[in-house]
Amino acid sequence: VHAPVTVTVTGAAGQIGYALLFRVASGQLLGPETPVKLRLLEIPQAVKAAEGTAMELDDCAFPLLKGIDISDDARQAFDGVNVALLVGARPRTKGMERGDLLEANGGIFGPQGEAINAGAADDVRVLVVGNPANTNALIAKAHAPDVPADRFTAMTRLDHNRALSQLAAKTGAAVDEITKLTIWGNHSATQYPDIFHAEIGGKNAAEVVNDEAWLADEFIPTVAKRGAAIIEARGASSAASAANAAIDHVHDWVLGTPEGDWTSAGLVSDGSYGVPEGLVSSFPVVSRNGSWEIVQGLEINDFSQQRIDASVQELVEERDTVTSLGLI
Ligand code: NAI
């Protein structure tokens, strides 16, 4: 029997929170052997709604759920945390400039980084879902100097899963026949879903597709703009698929990625593939022994390099903005 793992979810009363918490409590995050204690962090106005969600969690009588605490205080919510899912963020409102958005989020992710630094467990793992996820992760990391940088990650798994699904639809393959897809760069419209190293039933995916126009004009924009398409169709942003991706990310981080495959995650760059050190950028990754490692040695063609560079350039600009605002 494993000791309970403390999982903190911020923005717990939001849409993603509602789609996420039940899956965490049922054992889908950390496996059927690991009990969890939930900590829900919300802003004061949303604490009551979080209490309602907690009542429903109680009503599921999940055997693995060993307690729920609700707080509007980051220090309390992150005290002893093992897995921190940073979902709550300040959304972009009409007319808001990117700088304003980054500044508003700096006011959230800076203090949360400090609280993680002050109280988290030694093995803490942080996944930032709240947008702009990469740069919010960069901000949180900058405020947690005592936590190893590789514990701060940003979610690009939803983009990865979207790319798998689009490639499966195009080729008629099943999603689980496709391996080694990569999302590079920022979780934004500049992200680059790369199929040049992907395999479909062991064959090179780009060769199977053999259609560069489809790649450039359909696949890449469809994956990159899928979030907007969901809002258009559903009248609300993707929440269940985002929660599912967060589950996949942490599950694979803790329990390992399958042999012969990799996935995508936003990690603090060590300079791999020319991505400036310290930026939180998406890479092809495997998890071994509970740590992410960037897959090394992939040859990047010109088509890919241009697109990776463009997305990384956007991350550089976001970093420069938060630096000049004094947020990191
Ligand atoms: P939502 O608006 O339904 O919920 C956000 C919740 O966060 C609200 O309940 C709000 O009260 C809370 N919150 C705000 N500031 C907070 C703070 N300082 N501390 C704790 N809680 C706080 O939004 P939703 O749909 O749940 O999305 C959450 C975030 O996830 C958004 O930033 C969204 O853009 C992002 N997202 C990221 C994806 C990715 O692939 N990385 C995919 C989909 C969404």
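1. On terms for helix packing. Angles under 35 degrees count as roughly parallel, over 145 as roughly antiparallel, 65 to 115 as roughly perpendicular, and the rest as oblique. The axes are lines fitted to C-alpha atoms, for helices over the stretch in contact, and the angles run from 0 to 180 degrees between N-to-C directions. Helices (H or I, at least four residues) and strands (E, at least two) are DSSP runs numbered from the N terminus.

2. On the model. This is a predicted model, in which local features need pLDDT of at least 70 and side-chain atom pairs count only at pLDDT 80 or more, while totals for chains, interfaces and linings use all residues. Residues are numbered from 1 along each chain as its sequence is written, and side-chain values use heavy atoms, with hydrogens and water left out.

3. On α6 and α10. How do these two helices lie relative to each other? Their axes come within 8 Å and cross at roughly 105°; α6 and α10 are therefore roughly perpendicular to each other. From α6, the contact (heavy atoms within 4.5 Å) draws on R157, L158 and N161, and from α10 on S241, A242, N244, A245, D248, H249 and D252. Sorted by class, these residues comprise three nonpolar, four polar and three charged. In this scheme Ala, Val, Leu, Ile, Met, Phe, Trp, Tyr, Cys and Pro count as nonpolar, Asp, Glu, Lys and Arg as charged, and the others, Gly among them, as polar.

4. On α6 and α8. Helix α6 (residues 157-171) also packs with helix α8 (residues 212-224), at an angle of about 135° and with the axes 9 Å apart. That angle makes α6 oblique to α8. On the α6 side the contact involves D159, R162, A163, Q166, L167 and K170, and on the α8 side W214, F219, T222 and V223. Five nonpolar, two polar and three charged residues make up this contact.

5. On T153. This threonine is placed in strand β6 (residues 152-154). With a relative accessible area of 0%, T153 is buried (buried means under 20% relative accessible area, exposed over 50%, partly exposed in between, with a 1.4 Å probe and protein chains only). Its side chain makes a polar contact with the side chain of H249 (3.0 Å); H249 also belongs to the contact of α10 with α6. A polar contact is a pair of N or O atoms within 3.5 Å; within protein, one must be able to donate a hydrogen and the other to accept it, and residues adjacent in sequence count only if both atoms are side-chain atoms. Leaving aside residues up to four places away in sequence, T153 touches V126, L127, V128, A137, H249, W253, G266, L267 and W292.

6. On T182. Strand β8 (residues 182-184) contains T182, which is buried at a relative accessible area of 1%. Which side chain does the side chain of T182 meet in a polar contact? The partner is W262, at 3.0 Å. Beyond four places away in sequence, the residues touched by T182 include Y192, P193, D194, F283 and P284.

7. On T257. The loop between α10 (240-255) and β12 (263-268) holds T257. T257 counts as buried, at 7% relative accessibility. A polar atom of its side chain lies 2.9 Å from the backbone nitrogen of S287. The C-alpha atoms of T257 and R288 are separated by 7.3 Å, although the two residues are 31 apart along the chain. Among the residues that T257 touches, beyond four places away in sequence, are D252, V285, V286, R288 and W292.

8. On L255. This leucine belongs to helix α10 and is partly exposed, with a relative accessible area of 48%. Not counting residues up to four places away in sequence, L255 touches L30 and G31.

9. On backbone geometry. Most residues other than glycine have a negative phi, and most peptide bonds are trans. N131 and P132 are joined by a cis peptide bond, with omega about -5°; P132 is in the loop between β5 (125-128) and α5 (133-142). N210, not a glycine, has a positive phi of about 50°. N210 is in the loop between α7 (205-209) and α8 and is exposed, with a relative accessible area of 65%. Y273 likewise has a positive phi, near 55°, and is placed in the loop between β12 and β13 (280-288).
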